[in-house]
Amino acid sequence: MPMNELRAISIFVRAAELGSLRKAAAALDISPQAASQALALLEQHLDARLFHRTTRAMSLTDEGRQFLEEAQPSLVGLERAMRGAKRAKDEFAGPLRIVGPRSTFQHILWRLLDEFCTQHPGIQPDVQLEDRVGSWVEDRVDVGFRLGSSTHEGVIARRLFPVQLVTCGSQAYFDRQGAPDSVSALQSHRCSVYRNPGTGKVVPWRFKVGNDLIEQPVVPAIHTNDEALELQAVLSGRVLGQLAGVTAAPYIRSGQLIPVLSDYMPEHYSYFVYFGSRSSQPARARAFIDLAVKRLTNNREYVLSAKELRGGSRARPPG
C-alpha cells in the first residue's frame, strides 16, 4: 500500500473517532486543507462517499461505517508494528549480524565482542567468518570486516589498521638454511604456501619492489588452508612463511620468529569495517561500529614498528 493511501486512511479513521476533520488534522499535526484533500482523494480512489458533511457537522455514511469497521483494526496493528520497529532500532538488545574473514581476524573480533557483550548483555551476536566476500543484502549484515575496502554499493567503509605481510622464520630454520638476502633468493628456500579456503586458490607471496607490487614464486614445502597450521609450521623451523602482521607480531616480539626481507614488505593492505547508512542502523550496530573504530584504528598492537621489523639482523647464519 502506498504511503499516501495509508496516510489518508489514518486521517479518515481519526476523523471518524473525533467526529471532526479539523480535530483529526490537529491530532496528526497537518493542516485542515491537507486533511480535506487527502480524504477527498481516498473517497475518489474508493469511488465511495465516506462522510456526510456540512459546515457544522459530519457523520459516517453506510459505506464509511463499513470501511471503518474493517480498516480500524488493521490500522491499529500497523501503528503498533511501526512503534515496535522504531523501539527495536533504539534498543541495545537483540541480534547483531557480523561478517568477517576467517584468516587472521578471529582473536581480534573476539576481543571486541567480549567487551561489547559485557557492556550490553542483551546482545546476541550472529557471526559468520569466511574468506569469501558475500552479499551484503542476502547475508543481512549489520557490520562487516574485510581486508581491503568493500565494493558493495551503498556501503560505507572505515579504515582500521594496515595489514603487513611479514616474511619470517624461526632461528632453528636459519641455523639450518640461512636467511634469504633477496626476494629472488627465496627460490632456494623451503616455504609455506597458503590456500584460500573460499576459492581454493594458492595465495602468492607478494613484495614491494620500488613502487611496484610483485608476486614472487616460491618452492612450497607445505600447502595449507589453515592459518593456525601454517603458523605452527613456521614456528617449528620447518619452513619460512609470509604471515599477516597481526598473526606474526606477538611471536616476533617474543623472539620466537624473526622477520627478513622487511625492506620489501608490501604496504598495500588494510583492514576495514564496513556498514550501511548510519541513519537506518539499529543503535546496537552503531555502538559496535564505534567500539571497533575506537579500539582498532591504527592499533599499534597489531602493527609492527620499523625497529621490530629490522629484527632480521638477529638471524644467525648457519654453522
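## Aromatic cluster

Phe105, Phe116, Phe145, Phe161, Tyr271, Phe288 and Tyr302 are linked into a cluster by ring pairs. Rings of Phe, Tyr and Trp (its six-membered ring) pair if their centres lie within 6.5 Å; planes under 30 degrees apart count as stacked, over 60 as edge-to-face and the rest as tilted. The model is predicted: local features need pLDDT of at least 70, side-chain atom pairs count only at pLDDT 80 or more, and totals for chains, interfaces and linings use all residues. Residues are numbered from 1 along each chain as its sequence is written, and side-chain values use heavy atoms, with hydrogens and water left out.

## Ring pairs in detail

A pair of aromatic rings is described by the distance of the centres and the angle of the planes. The structure holds nine aromatic pairs. One of them joins Phe12 and Phe67, whose ring centres are 5.3 Å apart; the planes are at 45°, so the pair is tilted. This pair links distant parts of the chain, with Phe12 in helix H1 (residues 3–18) and Phe67 in helix H4 (residues 62–89), 55 residues apart. Helices (H or I, at least four residues) and strands (E, at least two) are DSSP runs, numbered from the N terminus. Both Phe12 and Phe67 are buried, where buried means under 20% relative accessible area, exposed over 50% and partly exposed in between (1.4 Å probe, protein chains only).

Phe145 and Phe288 form an edge-to-face pair, at 6.3 Å centre to centre and 85° between the planes. Phe145 belongs to strand S5 (residues 143–147) and Phe288 to helix H9 (residues 283–296), so this pair also links distant parts of the chain, 143 residues apart. Phe145 is buried at a relative accessible area of 0%, and Phe288 is buried with a value of 0%.

## Strand S8 and its partners

Strand S8 (residues 190–195) contains Ser192. S8 runs parallel to strand S12 (residues 219–224), joined by five bridges; two strands pair if DSSP finds at least two bridges between them. Arg190 has Val219 as its bridge partner in S12.

With strand S9 (residues 202–203), S8 pairs in the antiparallel sense over two bridges, and Tyr194 stands opposite Val203 in S9. The hairpin of S8 and S9 has six residues between the strands, and Gly200 takes a positive phi near 80° there.

## Surroundings of Ser192

Ser192 counts as buried because its relative accessibility is 0%. Not counting residues up to four places away in sequence, Ser192 touches Trp205, Ile222, Glu230, Val234, Val239, Leu240, Gly241 and Gln242. Contact means heavy atoms within 4.5 Å.
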